[in-house]
Amino acid sequence: MTRISALVIAALAATGVAVVPAATTAAASVPACHAADVAVHYRATDSGAGHRYGRIVMKNTSTHACTSGGFGGLSYVGDGDGTQIGAAADREGTWQAFTLQPGQRAYSPVDEVVAQNYPKATCRPAAVDGFRVYIPNATRSKFVAHATTGCRNAAVHLISHKAFRRF
């Protein structure tokens, strides 16, 4: 640090202004998590009253820490080729950023409405192969096997999820 920088910091500190040099913030030096940094899977947790509950879990499989936080993207895919089936998941709640160390996990709670709750003419049922999952801020998706029935009608919203959070 130069003498001028030290004088400026001392003067600001004397006036009650909190001074935190950028180099001391840990988040600034931790890269964002990318799809290549994590493994993703689905875990069912409960069901009832026409709903199935579970969570999308992402695990940092890289050798470095990475930051994440937020909703990402979630939708059903099928037809054996990754075609999106119906509407993407609705997002519920708020989020905050976090850091995942190597081996640490985070999860996004998922609520699936059972497609059979809707009339066939409205739903237009279709076999689902699994989920297309985008982790927060990623541009590449991950496929997670999850055989179920979805609705081809994109006006029928079967999936909702909450933001990723650390375990």
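Predicted model: local features only at pLDDT ≥ 70, side-chain atom pairs only at ≥ 80, totals over all residues.
Q: Does S108 count as buried or exposed in this structure?

A: Burial is judged from relative accessible area, with under 20% as the limit for a buried residue. S108 has a relative accessibility of 1%, and therefore it counts as buried. This serine is located in strand β8, which spans residues 105-113.

Q: What does the side chain of S108 reach, and which residues is S108 in contact with?

A: The side chain of S108 reaches the backbone oxygen of K162 at 2.5 Å. When neighbours within four places in sequence are set aside, S108 is in contact with G54, R55 and I56, and also with H161, K162, A163 and F164.

Q: Which strand pairs with β8 in the antiparallel sense over nine bridges?

A: The general idea is that, in a regular strand, side chains alternate between the two faces of the sheet. In this structure, β2 pairs with β8 in the antiparallel sense, over nine bridges. Within that pairing, R52 stands opposite E112 in β8.

Q: How many bridges join β1 to β2, and how many residues lie between these strands?

A: β1 and β2 run antiparallel and are joined by 10 bridges. V38 stands opposite N60 in β2. The two strands form a hairpin with two residues between them, and A49 in the turn has a positive phi of about 50 degrees.

Q: How many disulfides does a search of the whole structure find?

A: A disulfide is a covalent bond between the sulfur atoms of two cysteines. A search of the whole structure finds two disulfides. When the bonded cysteines are numbered in sequence order, the pairing is 1-2, 3-4.

Q: Why is the disulfide of C33 and C66 right-handed, and which parts of the chain does the pair link?

A: The S to S distance between C33 and C66 is 2.0 Å. The torsion about their S-S bond is about 85 degrees, so this disulfide is right-handed. The pair links distant parts of the chain, 33 residues apart: C33 is in the loop between α2 (26-29) and β1 (38-48), while C66 is in strand β3 (residues 66-68). C33 counts as buried at 1% relative accessibility, and C66 is buried with a relative accessible area of 0%.

Q: What is the handedness of the link of C123 and C151, and where do these cysteines lie?

A: C123 and C151 form a disulfide with their sulfur atoms 2.0 Å apart. With -100 degrees about the S-S bond, the link is left-handed. C123 lies in helix α3 and C151 in strand β10 (residues 142-151), so the pair ties together parts that are 28 residues apart in sequence. C123 is buried, its relative accessible area being 0%; C151 counts as buried at 2%.

Q: How many residues has the largest nonpolar core, and which have the most contacts inside it?

A: The largest nonpolar core has 30 residues, and those with the most contacts inside it are V40, I56, M58, L74, F131, L158 and I159. Strands β1, β2 (51-60), β4 (73-78), β7 (98-100), β8, β9 (125-134) and β10 each supply at least two residues of this core. The largest share, four residues, comes from β9. Not counting residues up to four places away in sequence, I159 touches several residues, including L74, Y76, V110 and F131.

Definitions and conventions: Residues numbered from 1 in each chain as written. Heavy atoms only, no water. Disulfide = S-S within 2.5 Å. Buried < 20%, exposed > 50% of the residue type's maximum accessible area, 1.4 Å probe, protein only. Polar contact = N/O pair within 3.5 Å; in protein donor to acceptor, adjacent residues only side chain to side chain. Contact = heavy atoms within 4.5 Å. Core = buried A, V, L, I, M, F, W, Y, C linked by side-chain atoms within 4.5 Å. Pairing = 2+ DSSP bridges.
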